[in-house]
Amino acid sequence: MSEIEIGRGKRGRRAYSFDDVAVVPSRRTRDPEEVSVSWQIDAYHFDLPVMAAPMDSVMSPASAIALGQLGGLPVLDLEGLWTRYESPEPLLAEIASLDPANATARMRELYNEPIRPDLIELRLKEIRGSGCTVAGALSPQRTQEHWRTVVDAGVDLFVIRGTTVSAEHVSGRAEPLNLKRFIYELDVPVIVGGVATYTAALHLMRTGAAGVLVGFGGGAAHTTRRTLGIHAPLASAVADIAAARRDYMDETGGRYVHVIADGGLGTSGDVVKAVACGADAVMLGAALARSTEAPGRGFHWGSEAHHHDLPRGERVEVGTVGTLEQILTGPGQSADGSTNMVGALRRAMATTGYSDLKEFQRVEVVVAPYQRS
């Protein structure tokens, strides 16, 4: 793999974002109605290859149910306001109305309230009562403290999500989460991430994870590149980790780990290119925060925005473009790729002649940096 000389003492590998690549039509086309965009992880089948990011601006119990009924996989943030307060709606409205200069300080205060196990149980049972697949997310730091409550509440899929998650966390202060032992002892499938390199992903796959989240600080509400100097262009990251999945399948005699692109997927074209680079599904944050059902009321933020020591995110205004249904399955409301995202994926697959997601992962891709006119 080619490297670029940054200076005499440092070389770097060229990596590509979704804006740098494009899908190429093939010799065959087909009808969009004959294309399947369904996705299955473990025993759970979904009509749409979409997971909702576990963020308070994106998912409430009500919006989780709405997404599940549309055929996606909702993931509730079990460290958010919904598990800290019995009635968080007024606080969500307050966050949306905050002056930008005061937003971080006030959000730190709001998220300083302890997480309540009884509320974790209550929120998950509310989603389960709708008949939807139930998924909840904890950070690696909180998993050991709350996992039993989550499993006892009847969660179907367990998500461990952080800015970056490794299988080899080193700490001299406390015993780190042993992912391999934890996943082995758990009775439910685990999706874990983010991860951005081939080697790190291969190690996570060897823990027994059912899926890995690919991404590092690339979302609309993240400032990780500015604060930490760390960034992973997602087209290259997804392709690298798809290669790790292939090699892990060879290593294990066929065990398949799902690759889920997470972060920086603002338009339907990004979703198309994520699958083309090897993703099985996508995790959407800002794209779904623009829905009328989103609890953020046109604003978007993640846990990094209220970190007690080093904020690496911010509350951003993303606006509202339509209902969840319009954003995911249409009809489209504009030509900017913010609505009918799954419809665009279906049409791209049909235009290039592929009938399902696994086939579309083999589509030809070119490096063609996009220049906005």
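Is serine 26 buried, partly exposed or exposed? I opened my notes on this predicted model with that residue, and I found serine 26 partly exposed because its relative accessible area is 35%, a value that falls between the 20% under which a residue counts as buried and the 50% over which it counts as exposed.

**Entry on serine 26.** I placed serine 26 in the loop between β3 (21–23) and β4 (39–41). I then looked for its partners, and, leaving aside the neighbours within four places in sequence, I noted contacts of serine 26 with Thr352 and Gly353. The side chain of serine 26 reaches the backbone oxygen of threonine 352 at 2.4 Å. I also looked up tyrosine 354, which is 328 residues from serine 26 along the chain, and I read a separation of 9.2 Å between their C-alpha atoms.

**Entry on helix α13.** I listed the buried residues of α13 as Met341, Val342, Leu345, Ala348, Met349 and Ala350. These buried residues pack against β6 (50–52), α10, β13 (281–284), α11 (286–289), α12 (324–329) and α14 (357–360).

**Entry on α10 and α13.** From that list I took up α10 (residues 268–276), which packs with α13 (residues 341–351) at an angle of about 50 degrees, the axes being 8 Å apart. That angle makes α10 oblique to α13, and I noted the crossing of the two as right-handed. On the α10 side I found Ser268, Val271, Val272 and Val275, and on the α13 side Met341, Ala344, Leu345 and Ala348. Sorted by class, this contact of α10 with α13 holds seven nonpolar residues, one polar residue and no charged ones.

**Entry on α7 and α9.** I next turned to helix α7 (residues 198–205) and helix α9 (residues 234–252), which pack at an angle of about 40 degrees with their axes 8 Å apart. The angle makes α7 oblique to α9, and the crossing of these two helices is right-handed. I wrote down Tyr198, Ala201, Leu202 and Met205 from α7, which meet Asp240, Ile241, Ala243, Ala244, Arg245, Asp247 and Tyr248 from α9. The classes here are eight nonpolar, no polar and three charged residues.

**Entry on arginine 161.** I located arginine 161 in strand β9 (residues 157–161), and I noted that its side chain is joined to that of aspartate 262 by a polar contact of 3.0 Å. Beyond the neighbours within four places in sequence, the contacts of arginine 161 include Pro54, Leu138, Gly193 and Met283.

**Entry on backbone geometry.** Most residues other than glycine have a negative phi, and most peptide bonds are trans, so I looked for departures from both. Glycine 193, already noted as a contact of arginine 161, is joined to glycine 194 by a cis peptide bond with omega of about 15 degrees, and glycine 194 has its place in strand β10 (residues 190–195). I found another cis bond from glycine 330 to proline 331, with omega near 5 degrees, and proline 331 sits in the loop between α12 and α13. Asparagine 340 lies in the loop between α12 and α13 and has a positive phi of about 50 degrees although it is not a glycine. Arginine 297, also not a glycine, has a positive phi of about 55 degrees; I placed it in the loop between α11 and β14 (299–300).

Key
Residues are numbered from 1 along each chain as its sequence is written. This is a predicted model: local features need pLDDT of at least 70, side-chain atom pairs count only at pLDDT 80 or more; totals for chains, interfaces and linings use all residues. Side-chain values use heavy atoms; hydrogens and water are left out. Axes are lines fitted to C-alpha atoms, for helices over the stretch in contact, and angles run from 0 to 180 degrees between N-to-C directions. Helices (H or I, at least four residues) and strands (E, at least two) are DSSP runs, numbered from the N terminus. Angles under 35 degrees count as roughly parallel, over 145 as roughly antiparallel, 65 to 115 as roughly perpendicular and the rest as oblique. A crossing is left-handed if the near helix is turned anticlockwise from the far one by less than a right angle, and right-handed if clockwise. Contact means heavy atoms within 4.5 Å. Ala, Val, Leu, Ile, Met, Phe, Trp, Tyr, Cys and Pro count as nonpolar, Asp, Glu, Lys and Arg as charged, and the others, Gly among them, as polar. A polar contact is a pair of N or O atoms within 3.5 Å; within protein, one must be able to donate a hydrogen and the other to accept it, and residues adjacent in sequence count only if both atoms are side-chain atoms. Buried means under 20% relative accessible area, exposed over 50%, partly exposed in between (1.4 Å probe, protein chains only).
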